Amino acid sequence: MTADPSSNGRLPEPVVPPPARALPGGGDHRRHVLVALVLDKPGVLNRVSSLMRARNFNIDSLAVSKTDRPDTSRMTITLHGDDVAVEQAAKQLYRLIDVLKVQDVTSEPTVEHELAFVKIRATEANRAEVLRLVELSRGRVVDLADGSVIVEVTGTEAEIDGFVALARTYGIKELVRTGAVVMARGAGSIEEALKR
């Protein structure tokens with residue numbers, strides 16, 4: 001290699017490429033929780049779930065309910081993905097028609113609960129044990145029948161998972177879970193932010 005005559009006999013410095021930019025789908029996958037305020041109109045749920053499907057996300061849970069405003073619904077969406085891909089999906093979600101506000105509350109302090117109904121096999125021999133398990137888990141019996149007990153439990157995803165694992169030792173006949181509903185702690189409010 002010959003030296004550049006204008007560089008006083010020195011060799012040119014090597015070109016160092018910029019650091020690689022994080023690509024969607026290339027990072028660590030973790031659980032994310034998105035909260036979306038949407039207009040209460042037909043087709044909104046389909047558009048939201050279709051966008052997530054198109055971005056190759058599997059929705060872990062989706063809870064939808066009315067808010068204090070008569071024309072607005074609130075969605076709590078839990079999914080797994082890397083930070084960049086989820087951030088891009090949230091931005092695209094916000095651009096959808098009828099979506100008013102989107103907030104990723106994954107890293108924020110929140111109150112999070114889920115509700116589950118669990119129909120557990122309960123015979124005369126183990127019914128007392130099942131009822132003791134329900135009491136220790138702060139659950140509530142909502143139906144007693146020959147051969148089964150329907151229990152309502154609430155708590156975090158981990159608490160529900162723990163109860164379900166213990167109930168499996170007796171046998172689960174049926175299980176339904178609402179998925180997480182989440183609210184950020186403190187005085188801030190996604191609904192109040194929308195009104196500004």
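Analyst: A term to start: two strands pair if DSSP finds at least two bridges between them. Helices (H or I, at least four residues) and strands (E, at least two) are DSSP runs, numbered from the N terminus. This is a predicted model: local features need pLDDT of at least 70, side-chain atom pairs count only at pLDDT 80 or more, and totals for chains, interfaces and linings use all residues. Residues are numbered from 1 along each chain as its sequence is written, and side-chain values use heavy atoms, with hydrogens and water left out.
User: Which residue in β3 does A63 stand opposite?
Analyst: T76. Strands β2 (residues 59–66) and β3 (residues 72–81) pair in the antiparallel sense, over seven bridges. They form a hairpin with five residues between them.
User: New topic. Which residues are buried in helix α1?
Analyst: V44, V48, L51 and M52, in the helix spanning residues 44–54. Buried means under 20% relative accessible area, exposed over 50%, partly exposed in between (1.4 Å probe, protein chains only).
User: Why are they on the same side of α1?
Analyst: Because they cover an arc of only 95° around the axis. The arc is that of the directions from the helix axis to the C-beta atoms.
User: And what is exposed on the other side of α1?
Analyst: N46, R53 and A54.
User: What covers the buried residues?
Analyst: The cover includes β1 (30–39), β2, β3, α2 (83–95) and β4 (99–104).
User: Now V153. Where does it lie?
Analyst: In strand β7, residues 147–155. V153 is buried, with a relative accessible area of 3%.
User: What is V153 in contact with, leaving aside neighbours within four places in sequence?
Analyst: E114, L115, A116, G139, I160 and F163. Contact means heavy atoms within 4.5 Å.
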